[in-house]
Amino acid sequence: MNSTEVILQADKIQKIFPSKEGDVRAVDGVNLDLISGEVFGLVGESGCGKSTLSRLLLRLLDSSGGSIKFKGEDITGFDKKQLKMLRRQMSLVFQDPHTSLNPRMTIYDNLARPFKVHNLAEGREEITVEIVRLLKSMGLQAEHMIRYPHELSGGQKQRVVVARALAVDPEVVFLDEPTSALDVSVQAKILKLLAKIKDEKDLTYFFISHDINLIRVISDRIGVMYLGRMVEQGEVAGMFKEPMHPYTRGLFSSVPEPTPARKLDSVLMGEVPSPVNPPSGCHFHPRCPEKMAICEQESPVFNYRQGRKVACHLYNLD
Amino acid sequence: MMSPILDINDLYLSFSTEEGELEAINGLNLEVEQGKIHGLIGETGCGKSVTGRTVLGLFDSNTMIKGGEILYNGDDLLSKTQHELQRDYRGNEIAMIFQDPGSSLNPVFKIEDQLDEVLRIYQPGKKAERRKKMIAALNAVKLPDPERLLKKYPHQLSGGMKQRVMIALNLACQPSLLIADEPTTALDVSIQAQFINVLKELQKEIDITILYITHDMAVVSEICDQVSVMYAGRIVEDVSMEDLFNKPVHPYSKLLVSSVLGPETNIDNLVEISGSVPRLINPPPGCRFHPRCEHMKPECKEEPPVLKEVAPGHQVACFKEDLS
């Protein structure tokens with residue numbers, strides 16, 4: 001990271017899904033600055049809204065409130081034509097490579113789609129040149145072009161999916177659990193490849209994972225979400241050294257460490273409550289070991305504290 | 001040494017597929033000692049789940065047993081009929097929990113009915129007695145308010161609760177051996193941590209033996225006493241959990257341990273394993289790991305190495321001269 005230019009900014013972004021039992025506030029007023037050239041890792045447990053947040057930022061979902069700026073320009077109200085241009089600047093890699101590729105198309109046809117949709121290359125020859133270049137940059141061979149997805153291994157498929165995301169030459173790539181369907185040995189390869197491509201192409205990554213050890217390896221900064229809200233954000237080293245929010249602490253200490261001598265000790269008790277009827281005040285208070293009276297009444301605001309942002313009343317006591 | 005509760009000897013198992021015979025298990029030897037949590041680890045497709053299912057005689061129609069024996073307390077389970085397995089072993093002796101708790105429970109029945117069904121089949125008794133057993137089982141897995149829980153349907157429970165109901169369901173019949181096939185893979189870390197702690201406590205309380213199938217090395221370090229590392233249908237190393245992490249011997253175990261993401265890992269020192277798991281239709285001859293092995297010798301291509309003891313409780317299948 002050599003600049004601190006904010007490439008993508010979310011301001012009190014919100015997404016409410018109506019349901020039979022009431023409104024689900026999947027994303028509830030999240031502020032986020034994505035800095036150009038960084039890897040931002042987003043962690044949180046199932047249902048905390050991390051995938052919804054990424055889809056809002058990508059404008060794949062319409063937000064219910066708040067605004068999103070890409071390079072200073074408000075993209076919240078973009079129309080179809082403008083969005084199509086935006087798709088070339090931000091792309092997405094999904095979790096499961098097995099369902100991300102069209103099984104009835106060859107790898108060539110799968111990869112040719114972005115070039116055709118965005119008129120980035122014309123004619124079969126030009127597209128072929130581009131696809132070969134892409135495949136090679138992913139450590140695959142030109143001959144993979146004529147194969148079908150089922151003929152490739154999981155790791156190879158995920159490389160094709162990444163290649164497709166990079167076809168449009170984007171600036172920001174969203175990676176939603178890109179390695180969770182892969183084995184450890186394959187995961188290492190994909191992570192190294194992603195890091196290499198990022199440096200070569202000067203990309204910004206928004207990396208979502210529930211695997212906290214993995215987020216730790218790949219990210220520069222991380223954000224922790226709980227029940228639709230961002231509870232803590234900061235540089236990766238500091239966050240792991242000294243997590244401030246009680247949820248972050250509980251979450252990190254629940255991660256099993258691959259060291260025989262260290263066992264899980266203080267694990268987080270209870271479960272994530274239903275987002276339909278979230279607890280009042282700070283959503284985390286029913287599970288919080290350091291709950292105070294104010295926590296039930298008021299939602300804590302995001303506060304700066306030693307280069308960290310924390311939404312917790314413990315740190316608002318000045 | 002105590003005799004093992006489960007002793008699998010030279011098991012060979014294949015699947016017939018359109019492309020030919022898939023040799024999923026190829027001379028597997030596995031001993032699980034009474035009262036231990038024994039980990040069975042390996043990557044996707046190495047045959048670890050098939051091994052677990054085979055113990056219980058849960059076969060798909062294209063399965064062919066090619067040889068070997070599965071001794072449970074000395075009785076060969078492979079020589080039993082499905083009827084005998086059902087009557088004498090499943091449930092009361094050996095139980096199994098699967099990866100996805102959501103699809104293991106029947107969505108249209110209440111928890112009470114599902115627990116009761118198990119008890120009616122395996123532990124017949126009066127309704128009031130069965131109900132006591134149900135409550136006890138739910139209490140044992142630390143589920144709050146069991147009375148109310150019995151009236152709920154699976155969709156009203158979270159993933160972690162469902163997985164604990166699955167354990168309760170299995171433990172209601174007091175089996176001696178529990179086969180757990182990736183029970184926490186579908187769970188969040190905090191729920192996984194709670195689950196691991198419940199399972200560890202339970203294991204101590206009721207002295208059950210657990211065969212814990214997983215690909216997650218971090219979970220192995222939390223819960224297992226002994227570990228068998230599996231590669232392409234064979235056990236390549238059988239070792240205590242501490243030694244697996246501190247001094248793995250087999251080249252594959254070493255790679256597996258080094259590829260684990262720990263607190264000191266960063267993108268530069270991340271270890272890549274070259275090559276990939278072989279296809280088991282026409283697998284490599286000899287030691288199936290040889291195409292990826294940096295210590296490969298001519299004999300590795302000819303005969304598969306057998307498990308040799310390198311230290312008490314530590315066996316390795318490798319032709320490497322310096323097995324340490």
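In this predicted model, R308(A) is buried, with a relative accessible area of 7%. Its partner is E232(A): the two side chains form a salt bridge in which the closest N and O atoms are 2.6 Å apart. Because E232(A) belongs to strand 10 (residues 229-235) of chain A and R308(A) to strand 12 (residues 308-310) of chain A, the pair ties together parts that are 76 residues apart in sequence. E232(A) is likewise buried, at a relative accessible area of 0%.

Side chains of opposite charge can pair when their charged atoms come close.

A polar atom of the E126(A) side chain lies 3.3 Å from the backbone nitrogen of E122(A). Residues up to four places away in sequence aside, E126(A) touches L120(A) and A121(A).

The side chains of R131(B) and E147(B) meet in a salt bridge, at 2.9 Å from N to O. R131(B) lies in helix 5 (residues 127-140) of chain B and E147(B) in helix 6 (residues 146-150) of chain B, so the pair ties together parts that are 16 residues apart in sequence. R131(B) is partly exposed at 25% relative accessibility, and E147(B) is partly exposed at 45%. Both belong to a network of salt bridges that links E112(B), R131(B), E147(B) and K151(B).

The interface between the two chains remains to be described. The contact takes 40 residues from chain B and 34 residues from chain A. Together the chains bury about 3,300 Å², 58% of it on carbon and sulfur atoms. Zero salt bridges are found across this interface, whereas 11 residue pairs are in polar contact. On the side of chain B that touches chain A, helix 7 (159-171), helix 8 (189-206), helix 9 (217-223) and helix 10 (241-246) each supply at least two residues. Helix 8 of chain B gives the largest share, nine residues. The residues of this side divide into 17 nonpolar, 15 polar and eight charged.

Terms used. Residues numbered from 1 in each chain as written. Chains lettered and ligands numbered in written order. Predicted model: local features only at pLDDT ≥ 70, side-chain atom pairs only at ≥ 80, totals over all residues. Heavy atoms only, no water. Contact = heavy atoms within 4.5 Å. Buried area = accessible area lost by both parts, 1.4 Å probe. Salt bridge = Lys/Arg side-chain N within 4 Å of Asp/Glu carboxyl O. Polar contact = N/O pair within 3.5 Å; in protein donor to acceptor, adjacent residues only side chain to side chain. Helix = DSSP H or I, 4+ residues; strand = E, 2+ residues; numbered from the N terminus. Nonpolar A, V, L, I, M, F, W, Y, C, P; charged D, E, K, R; others polar. Buried < 20%, exposed > 50% of the residue type's maximum accessible area, 1.4 Å probe, protein only.
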